[in-house]
Amino acid sequence: MEPTAPRSVFAQEVPPDLLAQARRGDMQAHAELYRRFAAPVFNLALRVLGERAAAEDVVQEVFVRVLGQVRRYRGEAPFGLWLRRLAVNATIDQLRARRFLVATDADALLARLGAPGPLPEQQAEALALLLRLPPRARAVVVLHELEGYTHAELARMFEQTESYSKSILSRALVRLRRRLGRDGIGLESLP
Amino acid sequence: MNETMPPLSHAQLRALPQFAPDPALWPRIVARARRRQAQRVAAGACCVLLLAGATAALLPATRAPAPTHDWQARAGALERELASAAPRGPAPGPLADALGGVDRALHAAYARGAPPAERETLWRARSELLESLVAAQRDGLRTTRI
């Protein structure tokens, strides 16, 4: 069920001792798991949802579940991938539950992310391009291209066909390429 | 799909900037998890109370008395443990509310001469709530801010 995404930030090793402590309810162990995985969960949700507050809601939901459900984790898949599934499910739940506006103003988009300081220009431009995609297209691009989910898996997540997932991704990538060309930004600058 | 868009490589997407969540998020998560846990325990205690009421209504008054001292003693020991961990009393919340409800039910049960089985169920509910309060107090002391 889980895709093989060896380079995913979720694929990091977690010491078995740490997991055993977390299963026993040790809050320091949970804090350590949070320290390791909060940023990956947050960035996955942020790229898909495009809003800082919504992404923090996802982080909160995921780690409240980890606190309550880590005893159920049996180690069939690496812990990070188990946690990533919680993150993806919570993100898709947010997508379904709320309306996310597609803004066209790059400054407004970046403001919603709450960046602590100015980003390098090319990164900011490319991030804005990604965020100009409709939310569902962003989800498919991020989950397929960054996290390695297959179209079959995406189809199950979105309760659609594989063709639907492929079509969404294809259109999203074409749209990105057109924007990159129109805005005079080289593809190599896409962060 | 990737064949149609070779320039949009994983490496390029992977270089997207990384953001960090609010540093104050972890304490909020711990607090929310505790509230959920407390709500679950309180809901369980309410079920126990309902069960005790139903048991009292169905049990004949002449039934032989059941032992009550074990749960009562256990509740007493836990109460002392809680008092030493939280001298000002348990923090307000669903658990403390449920404990108050059990205490009132116990008073009412003794006042009307309820059968021992009903009182035992209530003492058991009281013990379990006290156990959760002691555990919550213990976790609270061990909570780490990062």
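Predicted model: local features only at pLDDT ≥ 70, side-chain atom pairs only at ≥ 80, totals over all residues.
Residues are numbered from 1 along each chain as its sequence is written, chains are lettered from A and ligands numbered from 1 in the order in which they are written, and side-chain values use heavy atoms, with hydrogens and water left out.

Now look at how chain B is built. It has 5 helices and 0 strands, so called because they are DSSP runs (helices: H or I, at least four residues; strands: E, at least two), numbered from the N terminus. Read from that end, the elements go α-α-α-α-α. Of the 146 residues in chain B, 33% are buried, a word that stands for under 20% relative accessible area, while exposed stands for over 50% and partly exposed for anything in between (1.4 Å probe, protein chains only). Among the contacts in chain B (heavy atoms within 4.5 Å) with a separation of 6 or more, 81% join residues 24 or more positions apart.

You can pick out one residue here. B:A43 sits in helix α2 (residues 25-58) of chain B. Because its relative accessibility is 42%, B:A43 counts as partly exposed. Its C-alpha atom is 9.4 Å from that of B:L95, although 52 residues separate the two along the chain.

Next comes chain A, with 9 helices and 0 strands, in the order α-α-α-α-α-α-α-α-α. Its accessible surface comes to about 8800 Å², with 48% belonging to carbon and sulfur atoms. Of its 191 residues, 55% count as buried. For contacts in chain A with a separation of 6 or more, 66% come from residues 24 or more positions apart.

Follow chain A to α1 (16-23) and α2 (27-49), with A:D26 in the loop between them. Is A:D26 buried or exposed? Its relative accessibility is 18%, so A:D26 counts as buried. A polar atom of its side chain lies 2.7 Å from the backbone nitrogen of A:Q28.

Axes are lines fitted to C-alpha atoms, for helices over the stretch in contact, and angles run from 0 to 180 degrees between N-to-C directions.

α2(A) has another partner: its axis and that of helix α7 (residues 135-146) of chain A come within 7 Å and cross at roughly 140 degrees. That makes α2(A) oblique to α7(A) as well. Among the residues that meet are A:L44 and A:V48 in α2(A), and A:V142 and A:L146 in α7(A).

Finally, find helix α4 (residues 79-97) of chain A. Of its 19 residues, 14 are buried, so α4(A) is largely enclosed by the rest of the structure.

Conventions
Polar contact = N/O pair within 3.5 Å; in protein donor to acceptor, adjacent residues only side chain to side chain. Expected span 1.5 Å × (residues − 1). Parallel < 35°, antiparallel > 145°, perpendicular 65-115°, else oblique. Areas by Shrake-Rupley, 256 points an atom, 1.4 Å probe, with all protein chains shown as cover.
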